[in-house]
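Here are my notes on the helix packing, for you to check against the coordinates. Please read them with the structure open.

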Amino acid sequence: VNSGYNGFLHPLFVPAQILALLSLGILLVQQNQYFLKVSILSFLISCTIGMVLTLLDKNIKMDSHLLILSIGMGLSIAIDYKFSLRLYVFLAIMSGLSLGLDSEHQDLSGKEKYYTLMGCWVGLWACLSGVLIFTEKMKNKEWQRIFLRIIGSWVAASSVLVISLLFFDKN
């Protein structure tokens, strides 16, 4: 049972995952409702596929991919650009796959690993749902939309800072 809770809380302790979920949620809600439904379904399926792939391979690091996605989505939020359905689905799939692959726990095996991954899947969905609900409530007035665009620019700037730290930490 503790493994499930650890997995549920995992997205909250990984900065790259927080930034990706925040930017994806804000970006999706700013669009058409039909786009939102298709994108969420694509996200959940690709997240599941990513977690299944972690069972097949060890030590997959997706931090830089998540941060690059966060930069692109954050800038898209900041400039309030409207994309086609294909691009929203693509971003949802790439985010879900990257988040699923980044959710691996190397030190676990057996049932604990499965419980942790299931908890992590629920945690990712809960975090994204929270962002979607918050963003839906914050898009009614002009000042609220400006606030969401500011958050998008902060996400992009934070992602640039974190990715630069990752880059210089390796050298």
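1. Helix α4 covers residues 63-79 and helix α5 residues 85-101; they pack at about 150°, with axes 10 Å apart. Axes are lines fitted to C-alpha atoms, for helices over the stretch in contact, and angles run from 0 to 180 degrees between N-to-C directions. Helices (H or I, at least four residues) and strands (E, at least two) are DSSP runs, numbered from the N terminus.

2. Some ground rules. This is a predicted model: local features need pLDDT of at least 70, side-chain atom pairs count only at pLDDT 80 or more, and totals for chains, interfaces and linings use all residues. Residues are numbered from 1 along each chain as its sequence is written, and side-chain values use heavy atoms, with hydrogens and water left out.

3. The crossing of α4 and α5 is left-handed. In a left-handed crossing the near helix is turned anticlockwise from the far one by less than a right angle; clockwise gives right-handed. From α4, the contact (heavy atoms within 4.5 Å) uses His65, Leu66, Leu69 and Met73; from α5, it uses Leu91, Met94, Ser95, Ser98 and Leu99. Six of the residues in this contact are nonpolar, three polar and none charged. Here Ala, Val, Leu, Ile, Met, Phe, Trp, Tyr, Cys and Pro count as nonpolar, Asp, Glu, Lys and Arg as charged, and the others, Gly among them, as polar.

4. Now α2 against α5. Their axes lie 11 Å apart, at an angle of about 160°. That makes α2 roughly antiparallel to α5. The crossing is left-handed. Gln17, Ala20, Leu21, Leu24, Leu27 and Leu28 of α2 meet Tyr88, Leu91, Ala92, Ser95 and Leu99 of α5. By class, this contact has nine nonpolar residues, two polar and no charged.

5. The pairing of α2 with α3 (residues 33-56) has axes that come within 9 Å and cross at roughly 155°. α2 is thus roughly antiparallel to α3. This crossing is right-handed. Leu21, Leu24, Leu28 and Val29 in α2 touch Leu36, Ser39 and Phe43 in α3. The contact holds six nonpolar residues, one polar and no charged.

6. Is Gln17 buried or exposed? At 0% relative accessibility, Gln17 counts as buried. Buried means under 20% relative accessible area, exposed over 50%, partly exposed in between (1.4 Å probe, protein chains only). Gln17 sits in helix α2, residues 15-29. Beyond its neighbours within four places in sequence, Gln17 contacts His10, Pro11, Leu66, Leu99, Asp102, Ser103 and Leu124.

7. Asp63 lies in α4. With 23% relative accessibility, Asp63 counts as partly exposed. Not counting residues up to four places away in sequence, Asp63 touches Val14, Ala16, Asp102 and Leu166. Asp63 and Ala20 are 43 residues apart in sequence and 9.9 Å apart in space, C-alpha to C-alpha.

8. Helix α1 (residues 2-9) has Ser3, Gly4 and Gly7 as its buried residues. Seen down the axis of α1, these fall within an arc of 100°, so they line one face of the helix. The arc is that of the directions from the helix axis to the C-beta atoms. The buried residues of α1 pack against α6 (111-137). Turned away from that buried side are the exposed residues Asn2, Tyr5 and Asn6.

Definitions and conventions. Parallel < 35°, antiparallel > 145°, perpendicular 65-115°, else oblique.
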